[in-house]
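This report describes selected features of a protein model. Please examine the sequence and structure before reading on.

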Amino acid sequence: MKFGLFYELSVPRPWTRESERTVYDNALEQVKLADELGFDQVWAVEHHFLEEYSHCPAPELFLTACAMVTKRIRVGFGIVVCVPQFNHPIKIAERTAVLDILSGGRVEVGTGRSATWTELAGFNADPDSTKKSWDEFVRCLPKMWTSDKYEFEGEFWSMPRRTILPRVYQRPHPPMWVAVTSPGTELDAADRGLGSLGLTFGQFAEQETRIAEYRRRIQLCEPVGEFVNDQVSTVNFLYCHEDEAAGLKTGRRMADYFNYLATQLISVRETYPSKSYPSLGLLPQLRRQATGPDSGEQAGEGLCLGGPERITRALKRWESVGVDRVNFLVNTAEMIPQTEVLASLRLFGREVMPAFNGRKD
Amino acid sequence: MPLFGELEIDAVAPALPQLRDLDTEAWEIPKAEIVQVAYEVADGTRTLLPRALHPAIPEYVTFVVTRYPESPVGPFDLAQLRLMARAGVHPRGYVLGAVASTDAAVAALRERWGYPVVRGEVAFRRYHDRVASTVRRGGETILDIAVVDPEVIAGGDLQYIHAVTLARVDGAAQLVQVDPHYTVHRAARGRAQVGRFAAAAWNAAAVRLTTPISASASTCDTDLPRIRFVMDPQIPVVSGTKKVR
């Protein structure tokens, strides 16, 4: 099992001149430490207009900074919103390539389509068509990275024959992932030979069933890229503390507040009835599954909060149901002091990571 | 911390509906027809929102017009303006104003569920290319909305957000959660159109519509439910919620 960090970059009010800078600086310091500890990857999302919850509209810039202060940790560019009003596919291909070069071939690309009315309406995008545009984009990107010259005519975008530069550093191209929130999206990933980048927790049993079906389907896939990325990743909270009770208490506070901020936003489903968004999306699901009134003891046990032994047990369970990678949210709105976040990471690296087959020094 | 509402309760207290008690029994309503239009609004509605609630990001309202074909007080129509908000982590529609089509409905809705409702005329019209509703009061049209070019969708795609009203309960102002069940038989989604909106007539002078979101029409079995939760309007619901049953 491999471990990573996952950043929304939440910034609490009041917003001062320095508050956003502090959040970015702290995140960079955490990533630098994670690299030293042997974490495998750092992901940064693309979000727009999500007050307090996420001030991260340009993840490739943050990840470039991450790459500059680290040596080995891979940089997860995503979730890149594959909706034409947000990102032109040529720009996605180009920005990915530049980041891949600057990081020395450490890029992973996560693809998605946004789940909030707040964002989609902000870009005047049509919620009904985001799944189609995502599908078109993910089929184009690998070819844009690997073709000497590329041309395309599709429903959402077109281009005449051109050479897309620069080329990605990795050969044949960076691994690709799909953000999975709604049940069934992991099968969309499998059918295209893409990694499943889970953004919800779910119950162990539910995840086991979904992962088994993903593994079965991906054996039969027609990959959109040059290779199949048969991997399952999930997201989790991490707060590791020698004192189990203190770790749980602080960690729960962080998780609760993350979900509190998330629910202030408007999911597509709340306002815009569409078969394109059959579930509530990441934000309400996170709340419900992790901390809501209908969350079971099992879900609580799946959170990586508390002492090293408890966290190790939770991760062993995730490993046993087929999860390959876990990406951690390590703070929310700076509510945990930076020194404690760093201490949590160090303790995790010292007491938990050796129990897994993560990258070793 | 997310932003909170800024409503001065004292300023609205004299006009609040008086709830009879919290033992309101449920009314089962079969085959209700609902038209809902959602619209983003300009900043500035926090002054209308109780301090217990957070504004949605971005701020938006819904117009909800319901035709109740039968009820213990007979058939009636109810039009509501809701300022969409969050009670802690839960989406809720705070009812700014409402109009019902019969005196009996007005009395029942005020004293049983705390709706700030007044008497008016509520019209429901189905055209081949739209479902429209018009609300008139004192000879003036105060609302004219439509679901334009409705297309059939699955009932499961609709999500109706629970309402909260502000009423006097045992002498004190309380937020009252009204959380009906819905069994949707038929649903359609179309473009939102607002032809006329007299904001002041809905206790919402600060509301200025900006961007249409969506509109829907449905036929469903629903209810006006028993009251399950009340909330102190002045403090965050995390600490100010009281479970009634």
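Which helices and strands of chain A do the buried residues of H2(A) pack against?

## Helix H2 of chain A

The model is predicted. In chain A, the buried residues of H2(A) pack against helix H1 (19-37), helix H3 (89-102), strand S2 (41-44) and strand S3 (74-81).

Helix H2 itself spans residues 59-68, and its buried residues are Pro59(A), Glu60(A), Phe62(A), Leu63(A), Cys66(A) and Ala67(A). They lie on the same side of H2(A) because they cover an arc of only 155 degrees around the axis. In general, an α-helix has 3.6 residues a turn, so residues three or four places apart point the same way.

## The nonpolar core

The largest nonpolar core contains 177 residues, and Phe237(A) and Phe328(A) have the most contacts inside it. Beyond its neighbours within four places in sequence, Phe328(A) is in contact with several residues, including Phe3(A), Leu5(A), Phe237(A) and Cys304(A).

## The contact between the chains

In chain B, 21 residues are in contact with 22 residues of chain A. Strand S13 (residues 209-224) of chain B provides the largest share of the side of chain B that touches chain A, namely four residues. That side consists of 13 nonpolar, five polar and three charged residues.

## Backbone features

Most residues other than glycine have a negative phi, and most peptide bonds are trans. Phe49(A), however, has a positive phi of about 70 degrees, and Phe49(A) counts as partly exposed. Ser114(A) also has a positive phi, near 75 degrees, but Ser114(A) is buried.

The peptide bond from Arg13(A) to Pro14(A) is cis, and a cis peptide bond also joins Leu165(A) and Pro166(A).

Conventions:
Residues are numbered from 1 along each chain as its sequence is written. Chains are lettered from A and ligands numbered from 1 in the order in which they are written. This is a predicted model: local features need pLDDT of at least 70, side-chain atom pairs count only at pLDDT 80 or more; totals for chains, interfaces and linings use all residues. A nonpolar core is a set of buried Ala, Val, Leu, Ile, Met, Phe, Trp, Tyr and Cys residues joined through C-beta atoms within 7 Å. A residue is buried if 20 or more other C-beta atoms lie within 10 Å of its own, exposed if 12 or fewer, and partly exposed in between; C-beta atoms are placed from the backbone. Two residues are in contact if their C-beta atoms, placed from the backbone, lie within 7 Å. Helices (H or I, at least four residues) and strands (E, at least two) are DSSP runs, numbered from the N terminus. Ala, Val, Leu, Ile, Met, Phe, Trp, Tyr, Cys and Pro count as nonpolar, Asp, Glu, Lys and Arg as charged, and the others, Gly among them, as polar. The arc is that of the directions from the helix axis to the C-beta atoms.
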